[in-house]
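Welcome! Here is a short tour of a ligand site and of the sheet that goes with it. Please take a look at the structure first.

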Amino acid sequence: MADSYIQNLFAERIGGKYYGKDTAIYKFEKIKRAKRAALAANPSAELIDMGVGEPDEMAFPNCVQKLAEESAKPENRIYADNGGSEYKAAAARWMKNVCGVEGIDPETEVMHSIGSKGALTVLPHCFINPGDVALMTTPGYPVYGTHSKYLGGTVYNLALTEKNNFLPDIDGIPADVVKKSKSLVINYPNNPTGASATPEFFAKVVAFAKKHNIIVIHDAAYAALVFEGRPLSFLATPGAKDIGVELHSMSKGFNMTGWRLGFVVGNPLIVKSYGDVKDNSDSGQFLAIQKACAFALDHPEITAEIAQKYSRRMDGIVGILNKHGFKAKKPKGSFFLYVPCPKAATGKDGKRTAFEKAEDFSQWLITNALIARCRGMMPARSCASV
Ligand SMILES: Cc1ncc(COP(=O)(O)O)c(C=O)c1O
């Protein structure tokens, strides 16, 4: 059948007239297909799925109860737009009480997001013109870079490796790239390496940003999930609020992925621009959700309990993996375990299989052991969410 004329209308950024015709199978689809095939071959077996960054439990009952109450109130039914002062105030309190960041003005330095993902799609519109460079880290969560490219920008990827403790080498960025760069996105605790930042690294980032007139976006989606001490906020770094914002999320730290709420906090001019573009992109998150999440932010013991659960699971899986010859190291936070893949493995049938890349091991693990884990992002590494 001939293509509909619609096929010729697609924008180049999503493939133009070739949109949807790419025969390369997207890696998540490969995982899905392998899972389906493994379950079809073992209908009575259970597949252990550690492949999705998704909490396995409900939001806490007191938060669900609060949501039910707020949902029934007529004043919460309207478009929230950029409003929701209860949530903004709770976010500023949470920054102080949990992260030790004082002096956040809830009205000018906080704005809600429809999850961190929403903020990462909006922020490039505030900064990226055609030809501008967005500095990103790899492996990593690509959304800000994808939208920067949609806008005609380019992405310069900074490698996260064991050698650099999974902290990007900002001194190694070529001068011509730095000159065209407007933004640097970093993420700690990091998806997928599980690495944490240090105050020294954050201080270096602030100095780099100020020297080269670059803004910094710290994606702190996993900030609250730390196994010891308090979360390390980028905004606790002297001077950070002059040049950057931090993105926080209710998703992982409060078991609220589907609730879709987070907040952008920090430099008031960046927050204002984010709010202006956001206002033209969405009409705000349901006020009942915002109010239930404000309640959650005032109960940091929820996150402490969730973090303890992941810490316990981490101890378990690190012990088992290391007993079997892997080199797993418990991270300081997040639910990611990033472990070198084996070069080869022997299946139940006695067959020895060699792996060229992490993706090969991932496929083998699904087929042979019914264990699904995160994408093989780097040739020799593999990650799983616990
Ligand atoms: C690094 C990182 N940033 C942002 C997000 C998006 O989180 P949210 O649910 O707040 O949109 C994720 C989700 O997996 C993530 O891993």
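## Around the ligand

An oxygen atom of the ligand lies 2.7 Å from a polar side-chain atom of asparagine 191, a polar contact, that is, a pair of N or O atoms within 3.5 Å. Aspartate 219 has a side-chain N or O atom 2.5 Å from a nitrogen atom of the ligand. In the side chain of arginine 260, an N or O atom is 2.7 Å from an oxygen atom of the ligand. On its own the ligand has 400 Å² of accessible area, and the protein covers 92% of this (Shrake-Rupley method, 1.4 Å probe).

This is a predicted model, where local features need pLDDT of at least 70 and side-chain atom pairs pLDDT 80 or more, while totals for chains, interfaces and linings use all residues. Residues are numbered from 1 along each chain as its sequence is written, and side-chain values use heavy atoms, leaving out hydrogens and water.

## The sheet

Seven strands form an open sheet with mixed pairing, in the order S2-S8-S7-S6-S5-S3-S4. Strands here are DSSP runs of E with at least two residues, and helices are runs of H or I with at least four; two strands pair if DSSP finds at least two bridges between them. At the edges are strand S2 (110-113) and strand S4 (154-159), each pairing on one side only.

Strand S3 (residues 133-138) pairs with strand S5 (residues 181-187) in the parallel sense, over three bridges. Leucine 135 has leucine 184 in S5 as its bridge partner.

How values were computed:
Polar contact = N/O pair within 3.5 Å; in protein donor to acceptor, adjacent residues only side chain to side chain.
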